[in-house]
Each structure stands twice: as C-alpha cells, then as structure tokens.
Amino acid sequence: MEGAWGRILHPLQLTDSGRPQLFPGEVECQLLDGIDLELEGQQQQQQQLQPLRSGVLTLTTHRLLWVDEPHQRSGASVPLAAVCRVYPPKKSIKAIFASPRIRIQVWYASDGRISAVGADRSVVLTLVCRGQANIDSFLGRLEQVLQSKAWETDKASAPGSSSVILPPNSSRLPGAAASNSHASHSKWNPAMAGVSGILRKEQEQWEEADKNLQDAFHDLNALMAKAKDMVVLAEKIRSKLLGGSGGQSMVDEEEPGSKQEMQDWLLSVGITSPVTKESAGALYHQQLSRQLADFVKVPLQRSGGMLAMVDAYCLFNRARGTELISPEDLLQACSIWEKLDVPFRMRKFDSGVLVIQSKEDSDGQVFAKLVILIKTPEALKVGISASDAARAFGMAPALAKEYLLTAENQGLLCRDDGADGLRFFANLFKDIVVEATFL
C-alpha cells in the first residue's frame with residue numbers, strides 16, 4: 001500500500017489469488033466484508049488521509065489485515081500487539097440508523113507507523129462496518145485473541161528461547177507430584193476404614209477422574225494449538241527436500257524412491273489456516289476459492305498443467321485436515337474463479353470430465369506437442385495410446401485420453417480400435433483431400 005496510509009500501516013503481502021500471506025503459526029479467526037478504515041486523533045494526518053473504502057478485514061491471531069475488496073491487489077496490516085484498547089459501537093437511537101463503528105486505540109512510534117515497539121503515543125483507528133456483519137461476534141473473538149496473546153507465545157516457543165510452557169496445576173520439578181502423592185498415602189487414615197471409608201474412597205476416585213478428564217480436554221486443546229507448528233515444520237523439511245542444495249542428503253541415496261515418496265507425503269501435509277464457514281461467514285466461498293487457487297498451483301505443476309477435479313478434491317481435503325469440504329463447495333469455489341481473476345479455470349470436456357487448468361495453457365500448445373509426438377517414426381508405425389501421451393506430457397492417462405479425443409474431433413488424429421486397444425495415428429486423409437483439390 002502506497003501513500004500516507006502506507007507510512008502508517010504495515011505492508012501486507014498477498015498471494016497470486018489475492019489472499020494475505022500469513023506468518024508462521026498465524027491463523028485466521030474471522031472475516032468481515034465492507035469495512036472502511038478511518039484515522040482519528042491527529043488532525044494533520046487526518047487532513048491528508050482519505051478513508052480506505054470497502055475492504056475485507058481479517059482478524060488473525062497476530063494481526064488485523066485489510067485487503068482492498070474490488071481489486072484484491074493491495075492491503076495493509078495492524079499488529080495486535082500495538083492495540084491498547086477497543087471501544088465497541090455506541091448503543092443509541094442514532095446509532096441504529098448509522099453504520100456500526102468499532103474504534104481501536106493503537107500505539108504508534110515517532111516515525112508515525114503503528115507499532116508496539118518504541119511507541120509513546122496513541123491514535124484511534126475506526127472500523128466502519130458497511131456490510132451485513134455480526135459485530136458482536138467479531139468483538140467477542142477480538143477480545144479472546146487479545147487475551148490469548150498468541151504472538152508472544154510464538155516468540156517464546158521460537159528456537160533458542162529458554163521459556164518452558166507447563167500445563168496448569170503442574171510443578172516445575174518432575175518429582176514434586178510423585179513425592180506429594182507418596183506422602184499423602186504414606187500414613188494410614190482411620191477415616192478410610194469400614195464401609196464409609198470405601199464409599200469415601202470411591203467418591204475421591206470419581207472426583208479425581210473428573211479432574212483428570214478436564215485436564216485431558218485442556219491438553220487436547222493445547223495439542224490442537226501445536227498442530228500448526230507441525231505444519232510449519234513439515235513445510236521447512238519439504239522446502240529443503242525440494243531444494244536439494246548443499247549439505248548431506250536427508251534421505252539415503254541407496255533408496256532413490258524414498259526421497260520422492262517423502263516429497264509426496266510432505267506436499268499434502270496440511271494448510272495452516274483453512275477457510276471455514278465459522279471464520280469467513282458470507283465470504284466463505286469467495287475466500288475458499290482464493291485459497292484453492294493458491295493450493296492447486298504446485299499440484300498442477302506436478303501433473304502436467306492439468307488436474308482432475310476428483311484428484312483436486314482429495315488433495316485439498318487431505319491438506320485441510322479435519323476441516324473437510326463437500327464436492328458442492330469445491331465446484332462452487334471453482335465456478336467463481338472467472339470473477340475473482342485468478343490464473344486458473346475449471347474446464348469440462350465433451351465426455352463430462354471436469355479438470356482444473358491454468359489459463360496460460362491452451363489446447364493449441366498441447367496439439368502442437370501431439371503433432372510432433374504422432375509423427376515420430378515409431379508412432380507412424382504403431383500409433384500412440386493414452387498411456388504414451390500421458391508419459392510424454394506428464395499427466396494422468398485419463399486426461400491424456402481426453403486430449404487425444406479432442407484432437408481427433410479437430411481432425412488432427414484418427415483412431416484405430418483394434419486388438420491392441422485404442423490407438424491414435426496422424427490424420428493423413430486430411431492431406432490427401434487437400435492434394436486432390438489441386439488436381
């Protein structure tokens with residue numbers, strides 16, 4: 001973002017589809033559309049700044065992200081560490097007929113940029129909600145994120161940090177709990193004798209089991225919070241494997257297939273912050289479409305520039321983990337790619353097969369490769385099959401067969417359905433007809 005706003009807010013990097021690039025460990029919490037940004041508290045800057053109109057506001061665990069909605073090509077961010085106070089919308093009769101306004105007081109440094117480091121003054125950033133957004137839900141989620149302070153947790157858990165996060169009700173000494181438990185049972189208690197003692201002991205066991213169950217659910221939430229760290233770690237390992245530059249190989253050279261197998265496994269390890277209906281609301285299919293466009297970029301390169309819709313559904317759902325989507329959601333997300341101006345499109349062959357293809361790839365390029373392949377000496381003798389074309393183009397045999405059938409409809413190929421199966425040859429009849437017209 002350029003201009004005066006660019007000197008106040010932090011820059012925001014966007015993906016090819018227009019979605020914000022998140023930090024390691026950062027997760028999206030909630031989205032709002034139709035949000036204007038206004039600045040209060042500084043008269044000089046207020047005169048120079050025009051409000052930012054109609055953007056998509058994303059609340060994450062680390063920042064507030066604002067993306068220009070009409071173009072999705074520029075954005076800005078506000079670190080939550082710089083937020084010192086949040087003022088909810090005013091409750092009045094006049095406010096009922098006006099757009100809700102959320103005023104957020106943030107710290108800024110001497111250079112005028114919003115920051116929590118070296119800040120000694122504050123300014124009020126106003127969020128004007130023009131869309132049909134659930135403001136109460138957003139304020140509740142914002143309060144939870146500010147209280148959790150995930151940005152400090154990520155710094156504490158970074159490599160080289162000496163801080164250790166312990167579960168609640170636990171001691172820093174490993175032997176403390178065991179010694180206390182042993183001390184509590186070392187002396188015999190007369191109250192535990194008889195039938196009443198047995199009943200009292202069973203009651204204590206039930207209470208202890210209930211407490212352990214509550215601690216188990218707390219640990220489960222902590223485990224889910226650490227799942228994103230595992231995704232980041234796997235991404236680092238995958239980048240090293242794909243790079244293959246310098247150092248000792250992480251995979252044994254005696255097993256050439258093991259490296260490729262590990263690359264395939266890490267490629268689909270997961271998406272750090274999957275778009276959900278709970279977080280995106282009315283923007284669910286739009287944001288899902290953009291996230292899908294970012295995801296299919298690598299699988300398309302590995303599959304020869306074309307990916308079957310069934311394969312995309314399986315890969316995308318596996319990467320999302322437990323946040324699965326339905327086939328209808330996937331089709332709807334692909335159908336709005338044309339409106340969002342992403343570099344991919346959904347295509348339907350005459351046979352009804354649905355595929356995802358890059359806009360840069362055209363049938364003319366594939367047909368030109370087919371003509372070269374079909375005129376090789378071996379192909380002129382025995383023709384080519386769908387498997388031969390698939391090996392040449394690096395795509396699935398089913399998709400290669402669709403291209404062969406399309407080329408046949410264009411008159412470039414002709415078929416021979418014999419004992420060896422369906423094979424395609426160069427269409428020499430077309431040249432014969434052309435030569436006959438000159439006789």
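This is a predicted model: local features need pLDDT of at least 70, side-chain atom pairs count only at pLDDT 80 or more; totals for chains, interfaces and linings use all residues.
Hi everyone, and thanks for coming.

Let me begin with the whole chain. It has 439 residues, and 37% of them count as buried. The secondary structure comprises 18 helices and 13 strands. If we take the contacts in the chain with a separation of 6 or more, 58% of them are between residues 24 or more positions apart. The accessible surface is about 26400 Å², and carbon and sulfur atoms make up 55% of that.

You will find R19 in the loop that runs between β1 (10–11) and β2 (28–40). Is this arginine buried or exposed? R19 counts as buried, because its relative accessibility is 5%, and the cut-off for buried is under 20%. So what does its side chain pair with? One partner is E28, whose side chain makes a polar contact of 2.5 Å with that of R19. Another is Q287, where the side chains of the two residues are joined by a polar contact of 2.9 Å. Setting aside neighbours within four places in sequence, R19 is also in contact with other residues, including Q13, L14, S273, V275, R290, Q291 and D294.

Let's move on to strand β2 itself, where Q30 sits. Q30 is buried too, with a relative accessible area of 7%. Its side chain has a polar contact of 3.5 Å with the side chain of S137. Again leaving out neighbours within four places, the contacts of Q30 include L57, T58 and L59, then N134, F138 and R141, and also S279.

Next, a word about backbone angles. Most residues other than glycine have a negative phi. Which residues here are worth a look on that score? S54 is one: it is not a glycine, yet its phi is positive at about 50°. S54 belongs to strand β3 (residues 52–60) and is partly exposed, with a relative accessible area of 30%. K149 is another, with a positive phi near 55°. K149 lies in the loop between α3 (135–148) and α4 (150–156), and at 38% relative accessibility K149 counts as partly exposed.

Staying with loops, please find A119, between β7 (101–108) and β8 (121–129). A119 is partly exposed, at 26% relative accessibility.

Last stop: a helix pair. Two packed helices are described by the angle between their axes and the distance between the axes. For helix α14 (residues 363–374) and helix α16 (residues 386–393), the axes come within 11 Å and cross at roughly 115°. The crossing of α14 and α16 is right-handed. Which residues meet there? From α14 we have V366, K369, L370 and L373, and from α16 we have A389, A392 and F393. By class, this contact has six nonpolar residues, no polar ones and one charged.

That's my tour, and I'm happy to go back to any of these places with you.

Terms used
Residues are numbered from 1 along each chain as its sequence is written. Side-chain values use heavy atoms; hydrogens and water are left out. Axes are lines fitted to C-alpha atoms, for helices over the stretch in contact, and angles run from 0 to 180 degrees between N-to-C directions. Helices (H or I, at least four residues) and strands (E, at least two) are DSSP runs, numbered from the N terminus. A crossing is left-handed if the near helix is turned anticlockwise from the far one by less than a right angle, and right-handed if clockwise. Contact means heavy atoms within 4.5 Å. Ala, Val, Leu, Ile, Met, Phe, Trp, Tyr, Cys and Pro count as nonpolar, Asp, Glu, Lys and Arg as charged, and the others, Gly among them, as polar. Buried means under 20% relative accessible area, exposed over 50%, partly exposed in between (1.4 Å probe, protein chains only). Accessible areas come from the Shrake-Rupley method with a 1.4 Å probe; for residues, only the protein chains shown count as cover. A polar contact is a pair of N or O atoms within 3.5 Å; within protein, one must be able to donate a hydrogen and the other to accept it, and residues adjacent in sequence count only if both atoms are side-chain atoms.
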